[in-house]
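Please consider the structure displayed below. The paragraphs that follow lead through selected details of its backbone and loops.

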Amino acid sequence: MEGKSENTVQALKAHLALNVRNVQTSLEFYRKLLGIEPSKVRTGYAKFDVQNPPLNLTLNESSFNERGALSHLGIQVASTADVLAMRDKWADQGLLTREEMQTNCCYATQDKAWVRDPDGNEWEVFVVLQDNLPQTEACECGDKVAEENSAETLVTAATNCCAPAPVGIGR
């Protein structure tokens with residue numbers, strides 16, 4: 001049996017999720033900026049699947065003050081095996097990771113793993129297993145919880161769809 005000395009992850013495109021105050025107003029701007037129509041629009045949510053450069057751009061309606069317009073950052077990969085390989089790579093580097101498997105987020109079923117940078121910016125690696133789910137109840141991802149501070153982690157969850165739940169960085 002032949003084995004690989006190093007797992008190679010096939011990244012499909014970068015993912016950028018922006019908090020916006022009003023999705024409808026933002027849709028007009030991003031249609032003009034990108035020159036394309038969104039691939040998915042739901043109440044409080046829109047997705048642009050940009051081909052050049054490859055980018056998964058989502059707009060998440062949210063009132064915000066402190067966090068600003070950035071919701072989270074991500075890397076879309078080809079398979080759950082790639083999600084797990086990246087999670088393991090991050091963990092091997094000492095980052096605290098959190099998994100969300102078979103989660104319905106951003107109107108799609110996904111497997112994902114999360115880490116947080118020192119400034120609190122959330123990064124996810126994810127695979128879309130089933131896309132364009134109908135609009136139903138609020139997304140399963142992102143329930144508000146209290147902040148927890150400790151010497152090893154800083155944990156803050158977000159309130160809106162497609163926002164990460166608690167993760168931290170190992171010290």
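In which loop does C106 lie? C106 belongs to the loop between β6 (98-105) and β7 (108-116), where strands (E, at least two residues) are DSSP runs numbered from the N terminus. The model is a predicted one, in which local features need pLDDT of at least 70, side-chain atom pairs count only at pLDDT 80 or more, and totals for chains, interfaces and linings use all residues. Residues are numbered from 1 along each chain as its sequence is written, and side-chain values use heavy atoms, with hydrogens and water left out.

Most residues other than glycine have a negative phi, and most peptide bonds are trans. C106, although not a glycine, has a positive phi of about 55 degrees. Y107 is also found in the loop between β6 and β7, and its phi is positive too, near 60 degrees, in a residue other than glycine. C106 counts as buried because its relative accessibility is 8%, buried meaning under 20% relative accessible area (1.4 Å probe, protein chains only). Y107, at 11% relative accessibility, likewise counts as buried.

A peptide bond provides the next feature. The bond from N52 to P53 is cis, with omega near 0 degrees. P53 is placed in the loop between β3 (45-50) and β4 (55-61).

The loop between β4 and β5 (70-77) contains S63. With a relative accessible area of 72%, S63 is exposed, a term that applies over 50%. The C-alpha atoms of S63 and N22 are separated by 8.7 Å, while the two residues are 41 residues apart along the chain.

Terms used. Helices (H or I, at least four residues) and strands (E, at least two) are DSSP runs, numbered from the N terminus.
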